[in-house]
Amino acid sequence: MTNNDVLRRIRYIFNYNDDKMVAIMALADHQIARKQITCWLKKDDDPDYKACGDTELAIFLHGLINEKRGKKDGPQHPPEKRLTNNLILMKLKIALNMKAEDIIDTLKLADLRVSKPELSAFFRKPEHKHYRQCKDQILRNFLQGVQIKYRGE
């Protein structure tokens, strides 16, 4: 999945408009123009389409965490320069205040069965021997399950 796909899905799931997306970025201490958001949300074949970088998506996800759970005291956590599906899944887990069972149930809504040990492998450090890379299919199904959970579709 591209970062733009993740951004589009989150926007749809929570029914955010452009102004809300700008406000979420501001919650992560980052100012962005509304036009930039609209360029990221355009279809890939649109001439105004711009790719959303890893740092920008990380900033948005930090803002989403602040939006959903409240901002922590102290300085904002610096955005990652390189995002993986594992990190995206972790940040969404934190933002939505989910436990392992909640994620497993959410994946079941999208007709994907994952065991608790399989799931925990996604949240390990890459150097751990049981680390497993989160593939696009897992992230896509997770977002689909979140959509079903929050929008009832």
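1. The largest nonpolar core contains 44 residues, and Ile10, Leu61, Leu92 and Phe142 have the most contacts inside it. Such a core is a set of buried Ala, Val, Leu, Ile, Met, Phe, Trp, Tyr and Cys residues joined through side-chain atoms within 4.5 Å; buried means under 20% relative accessible area (1.4 Å probe, protein chains only).

2. The model is predicted: local features need pLDDT of at least 70 and side-chain atom pairs pLDDT 80 or more, while totals for chains, interfaces and linings use all residues. Residues are numbered from 1 along each chain as its sequence is written, and side-chain values use heavy atoms, with hydrogens and water left out.

3. At least two core residues come from each of α1 (3–14), α2, α3, α4 (54–69), α5 (85–95), α6 (100–109), α7 (116–122) and α8 (136–151). Helices are DSSP runs (H or I, at least four residues), numbered from the N terminus. The most is given by α4, with 7 residues.

4. Leu92 touches (heavy atoms within 4.5 Å) Ile10, Leu61, Leu64, Leu139, Phe142 and Leu143, residues up to four places away in sequence not being counted.

5. The axes of α2 (residues 18–27) and α3 (residues 34–41) come within 9 Å and cross at roughly 110°; axes are lines fitted to C-alpha atoms over the stretch in contact, with angles from 0 to 180 degrees between N-to-C directions. The two helices, α2 and α3, are therefore roughly perpendicular (65 to 115 degrees).

6. Within α3, the buried residues are Ile37, Cys39, Trp40 and Leu41. The buried residues of α3 pack against α1, α2 and α4.

Terms used: Parallel < 35°, antiparallel > 145°, perpendicular 65-115°, else oblique. Buried < 20%, exposed > 50% of the residue type's maximum accessible area, 1.4 Å probe, protein only.
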